[in-house]
Amino acid sequence: MVTASPHVRSGETVTGIMLDVIIALLPALIAAVRIFGFRALLVVAVSVGSCVLTEYVSRKIMKRENTIGDLSAVVTGILLAYNLPVDIPLWMVVFGAVAAIAVVKQMFGGLGQNFVNPAITGRIVLLVSFPTAMTTFAKPLSWSQGADAVTTATPLASLSGIDLGGDIAAQMAGMNLPTMSQMFFGLIGGSLGEVCTAALLIGGLYLWARRVISPIVPVSFIGTVAVIMLIAGKGNLSFMAYELFSGGLMLGAIFMATDYATSPVSRLGKILFGIGCGLITSVIRLFSNLPEGVSYAIMIMNIVTPLIDRVTLPKPFGTIKEKKEKAEA
């Protein structure tokens with residue numbers, strides 16, 4: 001069926017869009033290698049290779065046209081790796097890649113048919129299956145200096161123990177938290193691609209300039225978390241900043257919450273989606289036993305997206321509302 005005019009023609013292709021996303025992810029990869037050493041590159045390579053191979057085999061088994069050339073599996077592989085610790089066993093990386101591509105993406109029809117983000121789901125599967133490996137983070141620069149990795153607590157893990165009813169500033173002063181510049185440039189514990197806020201912002205600005213993504217979802221997502229954390233922290237700007245620059249908020253808001261297939265279409269829908277992600281993330285961080293909630297928030301809102309679209313999609317121009325027929329007496 002052909003929709004009503006006007007029709008919009010564009011020279012954009014799936015491959016071109018995915019290539020732009022890969023380019024936008026490169027600054028975070030460079031930062032990860034600099035911070036965690038060349039094992040970060042190995043984790044990314046294994047993740048990408050596993051995702052591409054899984055997609056190729058899945059399409060062959062399902063007797064469908066092969067789609068590895070659209071680079072979507074490469075993007076999923078990079079994003080999955082960015083959500084993993086540097087010292088995770090490589091066989092777990094393969095396990096997560098198979099779950100992301102074979103189960104979440106291909107079993108639902110392939111690109112554009114998945115109802116949740118594959119990389120996020122792969123991370124959650126690994127987190128549930130191997131919680132110790134997924135929550136043990138190497139100290140920054142320990143791998144890159146050729147020494148045995150030393151584990152360290154992430155800023156979010158430290159902040160999760162704060163008593164919001166007490167003196168927040170005093171509690172933070174006794175936590176030996178990294179400086180704000182260390183937070184911004186990624187000299188903290190965490191997953192490969194989430195630690196360097198500067199690199200993620202550079203990638204996000206590139207995608208915005210290329211009109212690959214709209215800033216609506218990231219701004220509403222991050223803005224909601226900022227407002228809630230400012231309120232929860234009793235106006236403490238440092239508490240809010242640590243919550244924004246640590247964990248997977250920037251990575252999730254810029255690169256995963258903006259996924260075309262799993263996010264709303266309309267402007268209002270994107271705003272509601274971003275606010276919903278921010279609310280759920282904040283509730284999990286503040287009131288649950290988990291220090292992080294970005295992945296769960298995006299997955300939940302991915303599931304709600306069809307309902308948001310149903311409510312917020314504008315009516316086509318010229319549509320006449322059908323009048324209900326009066327019941328015959």
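Visitor: Where is R211 found, and is it buried or exposed?
Guide: This is a predicted model, and R211 sits in the loop between α10 and α11. Its phi is positive, about 60°, although R211 is not a glycine. Most residues other than glycine have a negative phi. Exposed means over 50% relative accessible area, and R211 has 72%, so R211 is exposed.

Visitor: And K234, which loop holds it, and is it buried or exposed?
Guide: K234 lies in the loop between α11 and α12 (237-245). Its phi is near 55°, a positive value in a residue other than glycine. The relative accessibility of K234 is 55%, so it counts as exposed.

Visitor: Is G204 buried or exposed?
Guide: G204 belongs to helix α10, residues 197-209. In sequence G204 and F255 are 51 residues apart, yet their C-alpha atoms are 7.6 Å apart in space. The cut-off for buried is under 20%, and G204 has a relative accessible area of 9%, so G204 is buried.

Visitor: How far apart in space are V48 and A97?
Guide: V48 has its place in helix α2, residues 39-61. Because its relative accessible area is 17%, V48 counts as buried. V48 and A97 are 49 residues apart in sequence, but C-alpha to C-alpha the spacing is 8.0 Å.

Visitor: At what angle do α11 and α14 cross?
Guide: Two packed helices are described by the angle between their axes and the distance between the axes. Here the helices are α11 (residues 216-232) and α14 (residues 267-287), and their crossing is right-handed. The residues of their contact divide into 13 nonpolar, six polar and three charged. The axes come within 7 Å, and the crossing angle is roughly 35°.

Visitor: Which residues lie nearest the centre of the largest pocket?
Guide: The largest pocket has a volume of about 440 Å³. Elements giving two or more residues to its lining are α1 (14-36), α3, α5 (118-129) and α13 (249-256). By class, that lining has 16 nonpolar, six polar and two charged residues. Of the 24 lining residues, those nearest the centre are M18, V75, L111, D259 and Y260.

Visitor: Which element has the highest mean pLDDT?
Guide: For the protein, the mean pLDDT is 88, and 90% of the residues reach 70 or more. Among the elements, strand β2 (residues 151-152) has the lowest mean, 69. The highest, 96, belongs to residues 72-82, helix α3.

Key
Residues are numbered from 1 along each chain as its sequence is written. This is a predicted model: local features need pLDDT of at least 70, side-chain atom pairs count only at pLDDT 80 or more; totals for chains, interfaces and linings use all residues. Side-chain values use heavy atoms; hydrogens and water are left out. pLDDT is the predictor's confidence in each residue, from 0 to 100. Helices (H or I, at least four residues) and strands (E, at least two) are DSSP runs, numbered from the N terminus. On a 1 Å grid over the protein atoms alone, a cavity is a set of points where a 1.4 Å probe fits but cannot get out, and a pocket is an open set with protein on both sides within 12 Å along at least five of seven lines; lining residues have an atom within 4 Å of a point. Grid points are joined across faces, edges and corners, and a volume is the space filled by probe spheres set on the points. Ala, Val, Leu, Ile, Met, Phe, Trp, Tyr, Cys and Pro count as nonpolar, Asp, Glu, Lys and Arg as charged, and the others, Gly among them, as polar. Axes are lines fitted to C-alpha atoms, for helices over the stretch in contact, and angles run from 0 to 180 degrees between N-to-C directions. A crossing is left-handed if the near helix is turned anticlockwise from the far one by less than a right angle, and right-handed if clockwise. Buried means under 20% relative accessible area, exposed over 50%, partly exposed in between (1.4 Å probe, protein chains only).
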